[in-house]
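Hello,

Here is the structure I said I would pass on. My notes on it follow below.

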Amino acid sequence: MVVLIQEVLREPAKAAVFLVLAVRPGSEDTARALLEDVAGLTRAVGFRAPNDQLSCVVGIGASAWSRLYRAPAPRELHPFRALSGAKHSAPATHGDLLFHFRARRLDLCFELARQVMARLAGHVKVLDEVQGFKYFDERDLLGFVDGTENPTGAKAVAAITVGDEDPAYAGGSYVVVQKYLHDLDAWQALPIAEQERVIGREKISDIELSDADQPANSHVAATTIVDPDGTERQIVRENMAFGSPGAAEFGTYFIGYAATPDVIERMLHRMFVGEPPGNHDRILDFSTAVTGSLFFVPTAEFLEDPSPAPAATTPARTAGNPADGSLGIGSLRRSRT
């Protein structure tokens, strides 16, 4: 049987919208019905501009899982774990649902987000909404290329995909999101050579600094995770710049996909607490984390047909939608044949 997975792996998008929502008590049926139809909504909006690669990835938080599904939660799904180092902290913020909309154009992301929110109106509370963009040649607002070390091909699939360790959710993924705000005035006051030592790369060429020149507290050093056997652990980042010049708000929306949250949690521990403790990532002297949430990304197959759904809260069929799940008036679901 072929498992339909969500489109986590795509070529880098030019625009994105991130929505983190809380499902209101009593609205679980509505939220679950929307998740069943989100692939159809994405197809309907994206059909207008097929070359602009609209996609949507949905993540479900630990506190929402048991409210939406009878099935046991994925093995490693838990609330985001806050971190406090000697100087910097990574807060944990609530989130029941994450929607990651991506495309080559922001209007497509905007329209799909609008359609999703129209379906959920009155049933969710928006906890965070960010419109992201690519800044010049794949750089963040600090001026450095972002996502250089993303794996590709089979290595990318292995890095993000749950396998036999949790067979009930094989094909799924975990995703961590954090919103960072930058002190651009302080950052831009640094000489470029010092900026390069903070990041661990040359600013123009994007070449990693040599081992001799790489500070132990650089961002590259802090986020490189190597197992005792020498295996480097990888994740897939889809970070986006965001900001409001009028409000002097500038930031990076970090979004990292992985087969296990342990990899990202180890990275964050090294960044905020340090190994050894106190050796924190120097980028945090200029970037402050203001949110932090962890979600599980189930397969598209699970979203469209969760089995089993909660017996007492199975959503009623839309009028005109046959019981076999085929296309009916008002439905965006694929027919099943």
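Helices here are DSSP runs of H or I with at least four residues, strands are runs of E with at least two, and both are numbered from the N terminus. Please keep in mind that this is a predicted model.

First, the largest pocket. Its space comes to about 650 Å³. The lining consists of 33 residues, and those nearest the centre of the pocket are Asp146, His219, Thr223, Arg237 and Asn239. By class, 14 of the lining residues are nonpolar, 11 are polar and eight are charged.

Which elements each supply at least two residues of that lining? They are strand 7 (173-182), strand 9 (232-233) and strand 12 (249-258), together with helix 7 (219-222) and helix 8 (261-272). Helix 8 gives the largest share, four residues.

Second, a helix pair. Helix 1 (residues 28-46) and helix 3 (residues 106-120) have axes that come within 10 Å and cross at roughly 150°. Angles over 145 degrees count as roughly antiparallel, so helix 1 and helix 3 are roughly antiparallel to each other. Their crossing is right-handed.

On the helix 1 side, the contact is made by Thr30, Ala31, Ala33, Leu34, Asp37, Val38, Leu41, Thr42 and Val45. Helix 3 contributes Leu108, Glu111, Leu112, Gln115, Val116, Arg119 and Leu120. Sorted by class, this contact holds 10 nonpolar, three polar and three charged residues.

Regards

Technical notes
Residues numbered from 1 in each chain as written. Predicted model: local features only at pLDDT ≥ 70, side-chain atom pairs only at ≥ 80, totals over all residues. Heavy atoms only, no water. 1 Å grid on protein atoms, 1.4 Å probe; cavity = no way out; pocket = protein on both sides within 12 Å on 5 of 7 lines; lining within 4 Å. Points joined across faces, edges and corners; volume = space filled by probe spheres on them. Nonpolar A, V, L, I, M, F, W, Y, C, P; charged D, E, K, R; others polar. Axes fitted to C-alpha atoms, helices over the stretch in contact; angles between N-to-C directions. Parallel < 35°, antiparallel > 145°, perpendicular 65-115°, else oblique. Left-handed = near helix turned anticlockwise from the far one by under 90°. Contact = heavy atoms within 4.5 Å.
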